[in-house]
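This report walks a new reader through selected parts of one structure, from paired strands to a helix and a handful of side-chain contacts. Please keep the sequence and the 3D view at hand while reading.

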Amino acid sequence: MTTVNLSGFADVLDISPGLSAYLARPAAVGPALAPGDAPPAKGVLRPGVIVLHEAWGLDETVRAIADRLAGLGYFALAPDLFSAGGARRCLVATVRAMSSGSGRAFDDIEAARRWLTALPACNGRVGVIGFCLGGGLALLSAGRGFEVAAINYGPLPRKLDASLRAACPVVASYGGRDRTLRGAAGRLSAALDRAGVPHDVKEYPTAGHAFLSARPDGTPSGPRLLHPVLRTAGIGPEPVAAADAWVRIERFLTEHLGA
């Protein structure tokens with residue numbers, strides 16, 4: 001597991017200054033090769049997954065998710081969408097990009113996708129998974145060169161049908177107690193039906209927002225000082241729903257990416 005520098009794409013994309021990412025690699029392929037290195041021995045090429053963080057940034061929760069995906073046989077690359085100065089300086093611009101469907105955040109995601117597809121040990125097939133803010137970005141990225149998209153309590157774009165016209169297969173999970181995204185699962189499923197996109201969308205009645213977002217010790221993501229407030233608002237891990245969602249996500253990734 002290592003941090004990689006993605007700033008080499010600054011000449012061709014409008015990426016964040018100092019863009020970096022956390023890379024988790026499958027143990028079976030050995031040390032990660034950098035793009036441009038000689039390819040590995042035949043038979044060890046693996047698919048990849050771009051992991052998009054929530055509003056808290058690239059924290060231990062996101063790194064643990066990347067590690068989990070690497071354990072399943074994927075190269076998992078989590079770009080730091082707040083590389084230009086942390087959440088305080090970058091959050092508003094990233095939310096605006098998600099709302100508009102354009103902006104630097106999408107160039108950052110594209111830089112991560114290009115870096116991963118150029119990795120000699122990657123077979124060129126790459127999916128994207130996102131949570132909350134990252135879930136909304138992942139949904140909007142579903143038609144931008146990815147093989148599969150996993151959306152977890154991501155906001156829906158205003159022009160939902162238009163955004164799904166060229167979308168890859170989508171697996172999505174929402175919480176029935178998430179007051180900020182009430183009805184999102186049903187609307188997304190219906191739009192994917194209209195677009196003819198293969199999908200698996202499920203709402204969990206017992207879960208609220210961020211029900212998959214837990215630190216390795218099981219506590220919620222985000223600043224610990226805010227945990228009481230988050231619990232009061234029904235935001236945080238719900239282990240039963242999370243376990244089922246991960247089964248669906250892993251099955252869907254295997255179906256559309258392999259491992």
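## Paired strands

A21 stands opposite P79 in β4, and on the other side of the pairing V4 stands opposite A21 in β2. The model is predicted, so local features need pLDDT of at least 70 and side-chain atom pairs count only at pLDDT 80 or more, while totals for chains, interfaces and linings use all residues. Residues are numbered from 1 along each chain as its sequence is written, and side-chain values use heavy atoms, with hydrogens and water left out.

Strand β2 covers residues 20-24, and β2 pairs in the antiparallel sense with strand β4 (residues 75-79) over four bridges. Strand β1 (residues 2-5) also runs antiparallel to β2, and four bridges join these two. Two strands are said to pair if DSSP finds at least two bridges between them; strands themselves are DSSP runs of E with at least two residues, and helices are runs of H or I with at least four, numbered from the N terminus. Strand β2 is mostly covered, for four of its five residues are buried, where buried means under 20% relative accessible area, exposed means over 50%, and partly exposed lies in between (1.4 Å probe, protein chains only).

## A loop residue and a helix residue

A27 is found in the loop between β2 and β3, and A27 counts as exposed because its relative accessible area is 76%. Although A27 and A70 are 43 residues apart in sequence, their C-alpha atoms are 7.6 Å apart in space.

G186 has its place in helix α6 and, because its relative accessibility is 49%, counts as partly exposed. From G186 to V201 there are 15 residues in sequence and 8.0 Å in space, C-alpha to C-alpha.

## Helix α8

Helix α8 takes in residues 239-257, which makes 19 residues, and reaches 26 Å from its first C-alpha to its last, close to the 27 Å expected at 1.5 Å a residue; the expected span is 1.5 Å times one less than the number of residues in the helix. After α8 comes G258, whose phi is positive, near 75 degrees.

Which residues of α8 are buried? They are A241, A242, A245, W246, R248, I249, F252, L253, H256 and L257. The buried residues of α8 pack against helix α1 (60-71) and against the strands β3 (46-52), β5 (122-131), β6 (149-152), β7 (170-175) and β8 (199-204), with contact taken as heavy atoms within 4.5 Å.

D178 sits in the loop between β7 and α6 (184-195). D178 is buried yet has no salt bridge, and the nearest side chain of opposite charge, that of R179, is 7.1 Å away. For charge, Lys and Arg count as positive and Asp and Glu as negative, while His and the chain ends are not counted. A salt bridge requires a side-chain nitrogen of Lys or Arg within 4 Å of a carboxyl oxygen of Asp or Glu.

The side chain of D178 does have polar partners: a polar contact of 2.5 Å joins it to the side chain of T180, and another of 2.5 Å joins D178 to the side chain of H209. A polar contact is a pair of N or O atoms within 3.5 Å; within protein, one must be able to donate a hydrogen and the other to accept it, and residues adjacent in sequence count only if both atoms are side-chain atoms. Leaving out residues up to four places away in sequence, D178 touches Y153, A207, G208 and H209.

## Salt bridges

By the rule given above, the count comes to ten salt bridges. One of them joins the side chains of E250 and R68 at 3.1 Å, N to O, and this pair links distant parts of the chain, with E250 in helix α8 and R68 in helix α1, 182 residues apart. E250 counts as partly exposed because its relative accessibility is 22%, and R68 does so at 38%.

The side chains of R194 and D161 meet in another salt bridge, at 2.9 Å, N to O. R194 lies in helix α6 and D161 in helix α5 (residues 160-163), so the pair ties together parts that are 33 residues apart in sequence. R194 counts as exposed at 58% relative accessibility, whereas D161 is partly exposed at 39%. D217 and R224 also meet through their side chains, at 3.7 Å, N to O; D217 is exposed, with a relative accessible area of 51%, and R224 is partly exposed, with 46%. Salt bridges that share partners also join E110, R113 and R114 into one network.
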